[in-house]
Amino acid sequence: MKIGAVEAGGTKFVCAIGDENGQVSEQIKIPTTSPKETMDQVIKYFKKQQVDAIGVGTFGPIDVNKKSVKYGYVTKTPKLGWSDFDFLGTMKQALNVPISFTTDVNAAGYGEAVQGAGKGKENVLYWTIGTGIGAGYVQNGEFLQGISHPEMGHMLIRQNPNDGYEGHCPFHKNCFEGLAAGPAIEERIGKKAVELDPNDPVWDYVADYAAQACVNATLVLRPDIIIFGGGVIHQEHLLKKIRTHFKEQLNDYVDVPPLEEYIVRIGLNDDAGIKGALLLAAKELS
């Protein structure tokens, strides 16, 4: 089976060819410019490859409600030209193959649930903390969603009283993403997050906010495991800080597994999104 995958990001699209087991045989990168320029290259690539199905994980928000008249559209986004763009429809019009369409974080979460750190678990919560913050929840192989996909990165949290930063999010200012995503860290300190000392108080703020998000998700969703990915989580000290804050905030209210097994790092690293998209395409085909 020849499967295609798209990991659509704000700066680049990764298009890959692989199989139903999530094994990648080749991939290319396409700069994210206008919808026409970018999608023309994506479609050209897959027409040449003649794949059996394609899995798409894209930046959002997007409409994933199959009953909606705008199913498959990108909805509101600061990415110039992409708001109200019919992503799925454009691909289906040009490529006559089954296409699985979901968010980038859902695709990565699915990859983690099937082959990564969540393998063997029934209820898997995946967070990414990078340029933005998002989450996907996989329950018994299916995504949790209502009228659309969750936007857990924008949950409102209690700001640390010592953190005077107003927040980066253009919609909510000091939501989780507005306080803890990569741009929020860098805007506070005027340099890249990787240059920040591990003992800087800013990391304690980020860990506090991530722990609050985990507590909220634990109480609402009761996952078997919480997996963190994204560029910010590459800081090895951060996960330990998150666990410490989580333990304090939850205060033994409900039972959870040992924290070293409950709040963990991504298992598939940068391959989670593409592998997840391949697996979702195979699922769509079957």
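Five strands make up an open sheet in the order β10-β9-β8-β11-β12, with mixed pairing; strands here are DSSP runs of E with at least two residues, helices are runs of H or I with at least four, and both are numbered from the N terminus. Two strands pair if DSSP finds at least two bridges between them. A second open sheet of 5 strands has the order β3-β2-β1-β4-β7, and its pairing is mixed as well. This is a predicted model, in which local features need pLDDT of at least 70 and side-chain atom pairs count only at pLDDT 80 or more, while totals for chains, interfaces and linings use all residues. Residues are numbered from 1 along each chain as its sequence is written, and side-chain values use heavy atoms, with hydrogens and water left out.

**The sheet with β10 and β12 at its edges**

- β10 (142-143) and β12 (263-265) each have a single partner strand, so one side of each has no neighbour in the sheet.
- Strand β11 (residues 225-229) runs parallel to β12, and 3 bridges join the two.
- To find one of these bridges, look for Ile-226, whose partner in β12 is Ile-263.
- Helix α7 (residues 236-250) lies across β11 and β12 and runs at about 170° to β12; angles are taken between N-to-C directions and run from 0 to 180 degrees, with axes fitted as lines to C-alpha atoms, for helices over the stretch in contact.

**The sheet with β3 and β7 at its edges**

- Here β3 (24-31) and β7 are the edge strands, each with a single partner, so one side of each is left without a neighbour in the sheet.
- Ignoring direction, neighbouring strands of this sheet are turned by 15° against each other on average.
- Strand β1 (residues 3-8) is mostly covered, with 5 of its 6 residues buried; buried means under 20% relative accessible area, exposed means over 50%, and partly exposed lies in between (1.4 Å probe, protein chains only).
- β1 runs antiparallel to strand β2 (residues 12-18), joined by 6 bridges, and the two form a hairpin with 3 residues between them.
- Within that pairing, Val-6 stands opposite Cys-15 in β2.
- β1 also pairs with strand β4 (residues 53-58), this time in the parallel sense over 6 bridges, and Ala-5 stands opposite Gly-55 in β4.
- β2 and β3 are antiparallel and share 7 bridges, one of which has Lys-12 facing Pro-31 in β3.
- Helix α2 packs on the sheet, touching β1, β2, β4 and β7, and its direction makes about 165° with that of β7.
- Helix α3 (residues 104-115) packs on the sheet too, touching β1, β4 and β7 at about 105° to the direction of β7.

- The axes of helix α1 (residues 35-49) and helix α2 (residues 87-94) come within 10 Å and cross at roughly 40°.
- Met-39, Val-42, Ile-43 and Lys-47 in α1 meet Phe-87, Thr-90, Met-91 and Ala-94 in α2; contact means heavy atoms within 4.5 Å.

**Aromatic rings**

- The whole structure holds 13 aromatic pairs; rings of Phe, Tyr and Trp (its six-membered ring) pair if their centres lie within 6.5 Å, and planes under 30 degrees apart count as stacked, over 60 as edge-to-face and the rest as tilted.
- Tyr-71 and Phe-101 form an edge-to-face pair, because their ring centres are 6.4 Å apart and their planes stand at 85°.
- Tyr-71 sits in the loop between β4 and β5 (73-74) and Phe-101 in strand β7 (residues 99-103), so this pair ties together parts that are 30 residues apart in sequence.
- Phe-101 is buried, with a relative accessible area of 6%.
- Trp-82 and Phe-85 are edge-to-face as well, with centres 5.3 Å apart and planes at 85°; Trp-82 is buried at 1% relative accessibility, and Phe-85 is buried at 14%.
- Ring pairs link Phe-13, Phe-59, Tyr-71, Trp-82, Phe-85, Phe-87 and Phe-101 into a cluster.

**Backbone details to look for**

- Most residues other than glycine have a negative phi, and most peptide bonds are trans.
- The peptide bond from Gly-60 to Pro-61 is cis, with omega near 5°, and Pro-61 lies in the loop between β4 and β5.
- Asp-84, in the loop between β5 and β6 (85-86), has a positive phi near 60° and is partly exposed at 45% relative accessibility.
- Arg-222, in the loop between α6 (201-221) and β11, has a positive phi near 50° and is partly exposed at 41%.
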